[in-house]
Amino acid sequence: MKTFELGGVHPAENKISENKAIEVLPIPKQVQIPVAQNLGAPSVPIVNKGDEVKVGQLIAKGEAFISSNVHSSVSGKVLKIDNVNDQSGYKKPAIFINVAGDEWEENIDRSDTLIKDITASKDEIIKKVHKLGIVGLGGAAFPSHVKLMVPKGKKAEALIINGVECEPYLTADHRVMLEKADELLVGTKILMKALGVEKGFIGIENNKPDAIEHLSKLSKEYKGIEVYPLKVKYPQGGEKQLIKALTNREVPSGKLPIEVGCVVQNVGTALAVYEAVQKNKPLFERVVTITGKAVKNPSNFLVRIGTPISELIEASGGTPDKTSKIVGGGPMMGKALVTPDAPIVKGSSGVLLFDEKESKRVEEKACIRCAGCIKVCPMGLEPVLISQLTKLEMYEEAEKNNIMDCIECGSCQYTCPSGKPLLDYIRLGKFKVGQIIRNRGKK
Amino acid sequence: MNLLTVSGSPHIHEDNSVKKVMYGVVYALIPAMLVSVYFFGFDAVRVLLISVAACLLFEWLIQKYLIKGPATINDGSALITGILLAFNVPSNLPIWIIIVGAFVAIGIAKMSFGGLGKNPFNPALVGRVFLLISFPVQMTSWPVPKPLFSSVVTDAITGPTPLGILKDGLRDGEKISDIMTQIPSYLQQLVGDIGGSLGEVSAIALLIGGLYLLLRKIITWQIPVAYLGSVIIFTGILWLANPEQFVNPLFHLITGGLMLGVFFMATDMVSSPMSSKGQIIFGLGCGIITVVIRIWGAYPEGVSFAILIMNALTPLLNNSFKPKRFGEIVKIDHK
Ligand code: SF4
Ligand code: SF4
């Protein structure tokens with residue numbers, strides 16, 4: 001069975017909510033929709049206080065090339081545009097909307113009928129993906145249309161659909177693959193058409209045999225799409241790792257996947273693309289896992305963007321006693337929230353509740369030079385060295401030792417017996433080295 | 001709700017700690033410890049206890065009064081040094097010499113560099129080599145094994161190690177085949193029924209411990225395989241060239257401190273290289289230097305010196321042999 005070569009770890013999977021079918025979370029009384037939800041330039045609000053909006057109405061525009069539109073996820077009245085604490089703890093502008101009813105834009109097809117025929121042309125697809133605010137749903141929220149526009153001189157050969165969901169606990173993608181398989185496959189075909197490729201690979205780790213079986217069976221009707229089971233190993237969902245696992249191609253250091261002819265999209269994104277292109281539906285809701293060992297009803301909810309995370313926690317049975325950390329995303333790469341009121345955004349894949357014991361880091365001891373961190377690094381780096389160089393502020397040396405290649409997967413820190421905060425330092429180091437590189441460019 | 005804990009990812013940690021790693025090594029040393037107690041009886045227990053107690057005491061004292069850091073004697077590392085030091089000395093060594101050895105190992109080789117993780121040389125080896133040079137007589141009068149429950153009553157019989165017999169014999173111009181008649185059988189050597197330091201006598205017990213370390217992934221295959229491989233190949237070539245002057249590889253493998261050195265000293269993570277390429281070079285270097293000293297050097301045994309010399313090269317190996325980076329070589333496989 002395929003997998004990537006270098007490094008990797010096997011954290012306990014804890015996919016507690018994997019058998020919970022997707023449920024629609026009731027619409028909250030108020031949503032706070034952050035204006036900047038994607039990588040790249042922030043979008044600009046185009047509604048004002050007091051405006052009435054409908055579900056799916058454009059409320060913030062992405063003007064730049066790498067930016068994305070934002071649509072209302074509810075119908076109601078704009079209360080204000082104000083700062084909220086987002087999932088990373090920073091204050092960011094958001095559009096507050098008080099909900100009234102659930103009135104959708106007329107041009108959105110709300111039926112469940114599957115539309116298999118792809119009538120839109122390549123350009124129409126890309127335009128729609130841009131217009132309807134589709135971004136990568138795997139976490140990084142990179143605007144999807146940008147990935148579909150292959151730069152001059154490069155050629156796309158294969159589309160890769162990421163159904164790996166290698167983060168422990170998370171099950172949102174798993175449920176989408178089981179419950180929205182046909183839509184996902186049509187979405188994949190749409191993406192293939194936009195890229196002009198004949199091949200579409202769907203990579204799924206073999207801890208989801210039901211999804212592999214279901215999609216393999218259905219995919220027979222979709223020419224060019226192949227489903228590949230992958231050996232479970234974190235971080236297989238990393239773009240470079242997934243490409244390596246499926247095609248044995250190695251994206252060169254500092255380059256994008258298109259360099260080796262691949263474009264990677266997440267399963268959730270493929271579903272959103274289907275809904276956008278075939279049903280005219282902007283990206284204003286997504287599947288989010290809410291889970292944790294003490295959570296009463298770990299669930300997979302279909303959530304409107306802008307819903308406060310506290311609503312999901314309530315719906316899952318309330319905050320368990322002793323909860324002392326809330327993670328937005330998975331346990332390996334997610335962010336610890338400052339407040340449970342932070343809103344769900346397009347890139348939110350899950351919410352984890354940890355008790356005191358789970359929240360604590362292990363005690364830090366002296367590094368015993370065991371090389372464990374080096375062995376598990378999927379990028380072939382020396383985490384112990386680059387974190388040390390950062391600590392010593394030797395940024396040039398850190399750059400020479402490829403610190404910028406770090407994908408922040410956390411495997412090194414996860415495995416370190418001495419409990420060293422390796423990734424804390426590496427993140428800081430990447431930030432500093434990034435500054436140095438930018439300044440060099442200016443000169 | 002209580003205040004939320006906010007920290008950077010990752011939010012989970014492998015069930016792994018310095019203590020677990022260190023005690024894993026201690027468990028791996030148990031078979032050899034049992035064999036040494038069996039063959040050297042109460043003397044072995046005495047040496048082990050004194051060495052361990054002295055190492056723990058020095059670690060505690062220095063950490064508390066000189067370094068003034070949190071107590072480290074629980075982490076298992078000083079315990080390992082104590083056991084390894086005991087394994088590297090004869091069972092009749094006077095108590096005070098053992099304590100001197102423990103002081104050199106913990107006080108000088110480890111704590112003066114800042115304690116766990118910062119010592120460039122393996123502490124137990126430094127202790128041993130210091131004793132060997134300072135107290136050559138006491139360090140090389142090996143009691144002949146006197147198994148527990150055996151009827152031998154005479155005390156304090158000492159004899160040379162097989163490597164010593166070999167070295168002296170060759171120096172006197174004897175042929176290998178004649179020397180071999182004075183040496184215990186291979187079977188005796190394998191189980192440990194030979195003269196030698198406490199823990200190095202039983203190749204089998206050490207091998208079992210080494211396999212345990214490999215299975216638990218506390219050590220990796222690179223250093224042991226490169227070390228053993230280079231010893232076998234190097235001595236094999238010499239033996240094939242002239243079997244009357246050079247002894248066969250099997251003899252080299254199961255005598256002296258080789259197995260102990262290969263699995264427990266060369267693989268010491270603190271003082272060995274981190275990348276697998278570096279580890280292979282390190283293992284090869286240890287093997288070659290060991291054989292050179294054993295065959296042409298003044299000492300019958302070369303394992304300790306070999307490992308210490310390679311320890312000194314470790315920072316260089318870490319700098320010169322980097323792990324294979326992802327995306328370094330563009331491999332495009334058009335299928
Ligand atoms: S976080 Fe960075 S350095 Fe650490 S294992 Fe992942 S890629 Fe390597
Ligand atoms: S895993 Fe931790 S203890 Fe081991 S070498 Fe890396 S930083 Fe040091």
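Strand S15 (residues 323-328) of chain A pairs with S16(A) in the antiparallel sense over 2 bridges, where helices (H or I, at least four residues) and strands (E, at least two) are DSSP runs numbered from the N terminus, and two strands count as paired if DSSP finds at least two bridges between them. Within this pair, A:Gly328 stands opposite A:Lys335 of S16(A). This is a predicted model, in which local features need pLDDT of at least 70, side-chain atom pairs count only at pLDDT 80 or more, and totals for chains, interfaces and linings use all residues. Residues are numbered from 1 along each chain as its sequence is written, chains are lettered from A and ligands numbered from 1 in the order in which they are written, and side-chain values use heavy atoms, with hydrogens and water left out.

The pair belongs to an open sheet of 6 strands in chain A, with the order S1-S14-S13-S17-S15-S16 and mixed pairing. Strand S1 (22-24) and strand S16 (335-336) of chain A stand at the edges with a single partner strand each, so one side of each is left without a neighbour in the sheet. Helix H3 (residues 172-179) of chain A lies across S1, strand S13 (285-291) and strand S14 (299-304) of chain A, and runs at about 125 degrees to S13(A); axes here are lines fitted to C-alpha atoms, for helices over the stretch in contact, and angles run from 0 to 180 degrees between N-to-C directions.

Elsewhere in chain A, strand S7 (residues 76-85) pairs in the antiparallel sense with strand S4 (residues 52-53) over 2 bridges, and A:Gly76 in S7(A) is the bridge partner of A:Val53. S7(A) also pairs in the antiparallel sense with strand S8 (residues 91-99) of chain A, over 9 bridges, with A:Val84 opposite A:Lys92 in S8(A). The hairpin of S7(A) and S8(A) has 5 residues between the strands, and A:Gly89 takes a positive phi near 95 degrees there.

Further along chain A, helix H11 (residues 383-391) has as its buried residues A:Pro383, A:Val384, A:Ile386, A:Ser387, A:Leu389 and A:Thr390, buried meaning under 20% relative accessible area, exposed over 50% and partly exposed in between (1.4 Å probe, protein chains only). Their cover includes helix H10 (372-376), helix H12 (395-400), helix H13 (411-415) and helix H14 (422-442) of chain A. A:Glu393, which follows H11(A), has a positive phi near 60 degrees.

In chain B, the domain assignment (bounds come from an automatic or database domain assignment) gives domain 1 (18-139) and domain 2 (158-320). Their C-alpha centres lie 21 Å apart, and 36 residues of domain 1 of chain B are in contact (heavy atoms within 4.5 Å) with 34 residues of domain 2 of chain B.

Between the chains, the contact takes 41 residues from chain B and 69 residues from chain A. Together they bury about 4,600 Å², 55% of it on carbon and sulfur atoms, buried area being the accessible area (1.4 Å probe) that two parts lose on being put together, summed over both.
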